[in-house]
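I opened my notebook to follow a few charged side chains. Here is what I looked up, entry by entry.

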Amino acid sequence: NIKCHDLKHQIHALAKNQIDKEQLNEIEKSIMIYDSIVKTGNDALDVLLSEKSLYCNEHHIVLTYIVNGEALSFMKDYDIYSLFGNALDNAIEYVLNLEEEKRFIRLNVKIVGENLLIHMENYFSGELIYNNGLPKTTKEDKDYHGYGMKSIQLIVNKYDGDLNISLDNNVFSLFIMFPIK
């Protein structure tokens with residue numbers, strides 16, 4: 001990460017005299033791929049967050065995270081992909097349709113006492129409508145959507161966790177708590 005950062009600055013300095021703007025943008029874009037590789041301490045989550053970070057960057061979505069990936073060692077990789085993939089995909093799909101200043105997603109994964117806490121939030125306008133304790137999909141075709149939240153709930157139940165969803169001041173929050181065994 002330090003090398004990528006320094007290389008960006010060096011390229012900008014060189015570009016003042018020797019490289020046209022289009023070439024500079026292409027080089028910087030290539031470097032950003034390596035600069036965005038995530039290291040949380042969990043390989044499955046690293047791959048997922050790296051992919052989602054690149055997508056968010058490309059679509060002007062601010063994705064920030066503070067993640068203790070090692071704390072997820074009790075979970076199977078496919079559950080990590082499903083849990084975080086569904087949560088991030090839902091948030092990304094929603095904020096993608098908003099004006100840029102409202103395109104944010106924040107993720108925090110940490111140990112507090114004897115529990116693992118996962119908190120994710122994004123901007124949300126409107127009202128949440130619930131069905132069997134989970135928010136109903138905001139998408140038009142209700143028959144083919146809404147399964148992401150059900151998948152999240154199944155994974156939370158599988159690991160004896162708790163799921164709480166709230167909306168406060170236009171911020172949708174997903175809270176998950178797992179007991180550490």
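Is Glu-121 buried or exposed? I checked this first, keeping in mind that the model is predicted. Glu-121 has a relative accessible area of 15%. The cut-off for buried is under 20%, so Glu-121 counts as buried.

Entry: I looked up where Glu-121 sits. I found Glu-121 in strand E3, which covers residues 115-123.

**Entry: neighbours.** Which residues does Glu-121 touch, leaving out those up to four places away in sequence? I listed Phe-104, Ile-105 and Arg-106. I also listed Val-171, Phe-172 and Ser-173.

**Entry: polar contacts.** I then looked at the side chain of Glu-121. Its polar contact with the side chain of Arg-106 is 2.7 Å. I noted another polar contact, with the side chain of His-119, at 3.4 Å.

**Entry: salt bridges.** How many salt bridges are there by the rule used here? I wrote down five. I followed up some of them.

One of them joins the side chains of Arg-106 and Glu-121, with 2.7 Å from N to O. This pair links distant parts of the chain. Arg-106 is in strand E2 (residues 104-112), and Glu-121 is in strand E3. The two residues are 15 apart. Arg-106 has a relative accessible area of 36%, so I noted Arg-106 as partly exposed. Glu-121, at 15%, is buried.

**Entry: the lysine.** Next I turned to Lys-52. Is Lys-52 buried or exposed? I read a relative accessible area of 10%, so Lys-52 is buried.

Which residues meet Lys-52 in a salt bridge? I found Glu-51, at 3.9 Å from N to O. I also found Asp-89, at 2.5 Å from N to O. Lys-52 and Asp-89 link distant parts of the chain, 37 residues apart. Lys-52 lies in helix H3 (residues 43-58). Asp-89 lies in helix H4 (residues 77-95).

Glu-51 is partly exposed, with a relative accessible area of 47%. Asp-89 is also partly exposed, at 28%.

**Last note.** I set the two cases side by side. Buried Glu-121 pairs with Arg-106 across strands E3 and E2. Buried Lys-52 pairs with Asp-89 across helices H3 and H4.

Methods:
Residues numbered from 1 in each chain as written. Predicted model: local features only at pLDDT ≥ 70, side-chain atom pairs only at ≥ 80, totals over all residues. Heavy atoms only, no water. Helix = DSSP H or I, 4+ residues; strand = E, 2+ residues; numbered from the N terminus. Buried < 20%, exposed > 50% of the residue type's maximum accessible area, 1.4 Å probe, protein only. Polar contact = N/O pair within 3.5 Å; in protein donor to acceptor, adjacent residues only side chain to side chain. Contact = heavy atoms within 4.5 Å. Salt bridge = Lys/Arg side-chain N within 4 Å of Asp/Glu carboxyl O.
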